[in-house]
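Please examine the sequence and the three-dimensional structure displayed below. A short report accompanies them.

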Amino acid sequence: MTKKVALFIENGSEELEFIAPLDVMRRGGLHVDLISANEEYQVTSSHGVKITADKKISEIKNILEYDAIVVPGGLPGAEYLKNNNKLIEFFKTMYSNKKLVAAICAAPIVLNEAGITKNKNITCYPGFEKNIDYKNYSSTKAVVLDENVITSQGPAVALLFGLEILKYLLGEEASNNVAKPMLIDVLKNNL
């Protein structure tokens with residue numbers, strides 16, 4: 001059975017942080033629903049890109065049909081997501097049922113609002129750690145995995161964030177099979 005991912009976006013979400021992971025996850029064979037966290041299918045990203053979501057949050061009747069829940073950063077998108085009570089309940093439900101929860105850039109504030117980060121090793125966009133309760137914060141790791149929680153730093157590492165989600169859900173071989181033709185090694189070797 002195909003694994004399913006709920007990727008929530010909002011007006012002001014950072015487009016690279018949801019498009020890059022979305023692309024990686026779909027290339028890897030995951031079923032990813034791009035879901036508007038408000039009641040509009042069209043969302044305008046933090047840099048003015050208009051995106052049409054697959055679904056609206058009100059169409060999600062049972063979040064546990066998904067294997068993972070993911071949110072991008074970007075402002076004011078991450079703040080809107082953090083203040084969305086229904087989304088916070090979805091995160092609490094997924095986390096308590098040992099499903100994968102993932103956030104990049106400023107979006108770990110969403111995980112914090114759901115009470116998920118308190119005893120976790122995390123990363124986020126530099127400076128946002130001040131708004132998060134955590135066990136340990138890494139300023140040097142692009143992506144941090146702690147049990148069923150993945151956090152990542154920001155736009156430049158959005159592909160690595162997507163690959164880590166893919167690896168968690170489908171294994172290292174699936175992640176490598178996507179990374180290789182995308183020339184991730186070339187990118188890493190040139191940094």
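The report below treats the basis of the model, its helix packing, its nonpolar cores, and several individual residues.

## Basis of the model

This is a predicted model, in which local features need pLDDT of at least 70 and side-chain atom pairs count only at pLDDT 80 or more, while totals for chains, interfaces and linings use all residues. Residues are numbered from 1 along each chain as its sequence is written, and side-chain values use heavy atoms, with hydrogens and water left out.

Helices (H or I, at least four residues) and strands (E, at least two) are DSSP runs, numbered from the N terminus. Contact means heavy atoms within 4.5 Å.

Two packed helices are described by the angle between their axes and the distance between the axes. Axes are lines fitted to C-alpha atoms, for helices over the stretch in contact, and angles run from 0 to 180 degrees between N-to-C directions. Helix H1 (residues 15–27) and helix H5 (residues 158–170) have axes that come within 8 Å and cross at roughly 40°. That angle makes H1 oblique to H5; angles under 35 degrees count as roughly parallel, over 145 as roughly antiparallel, 65 to 115 as roughly perpendicular, and the rest as oblique. On the H1 side the contact comprises Leu16, Glu17, Ala20, Pro21, Val24 and Met25, which meet Ala158, Leu159, Phe161, Gly162, Leu163, Ile165 and Leu166 in H5. By class, the contact of H1 with H5 has 11 nonpolar, one polar and one charged residues. Here Ala, Val, Leu, Ile, Met, Phe, Trp, Tyr, Cys and Pro count as nonpolar, Asp, Glu, Lys and Arg as charged, and the others, Gly among them, as polar.

H5 also packs with H6, and the axes of these helices come within 6 Å and cross at roughly 145°. Leu163, Leu166, Lys167 and Leu170 in H5 meet Glu172, Ala174, Ser175, Val178 and Ala179 in H6. The residues of this contact divide into six nonpolar, one polar and two charged.

## Nonpolar cores

A nonpolar core is a set of buried Ala, Val, Leu, Ile, Met, Phe, Trp, Tyr and Cys residues joined through side-chain atoms within 4.5 Å. Buried means under 20% relative accessible area, exposed over 50%, and partly exposed in between (1.4 Å probe, protein chains only). The largest nonpolar core has 31 residues, of which Val5, Leu7 and Ile165 touch the most other members. At least two residues of this core come from each of strand E1 (4–9), H1, strand E2 (31–36), strand E6 (68–71), strand E7 (100–104), H5 and helix H6 (172–179). H5 gives the most to this core, with six residues. Apart from it lies another core, of 24 residues, among them Val71, Phe90, Phe91 and Val110.

Residues up to four places away in sequence not being counted, Leu7 touches Phe18, Leu22, Met25, Val32, Asp33, Leu34, Ile35, Val70, Val71 and Pro72.

Ser152 is found in strand E11 (residues 149–152) and is buried, with a relative accessible area of 0%. Beyond four places in sequence, its contacts include Ala103, Ile104, Cys105, Thr123 and Phe161.

Thr44 lies in strand E3 (residues 42–44) and counts as partly exposed, at 27% relative accessibility. Leaving aside neighbours within four places in sequence, Thr44 is in contact with Glu10, Asn11, Gly12, Val49 and Lys50.

## Backbone features

Most residues other than glycine have a negative phi, and most peptide bonds are trans. A cis peptide bond, however, joins Leu75 and Pro76, with omega about 10°. Pro76 is found in the loop between E6 and helix H2 (77–82).

Lys98, which is not a glycine, has a positive phi of about 60°. Lys98 is placed in the loop between helix H3 (85–96) and E7 and counts as exposed at 66% relative accessibility. Cys105 likewise has a positive phi, near 65°. Cys105 lies in the loop between E7 and helix H4 (108–113), and at 8% relative accessibility Cys105 counts as buried.
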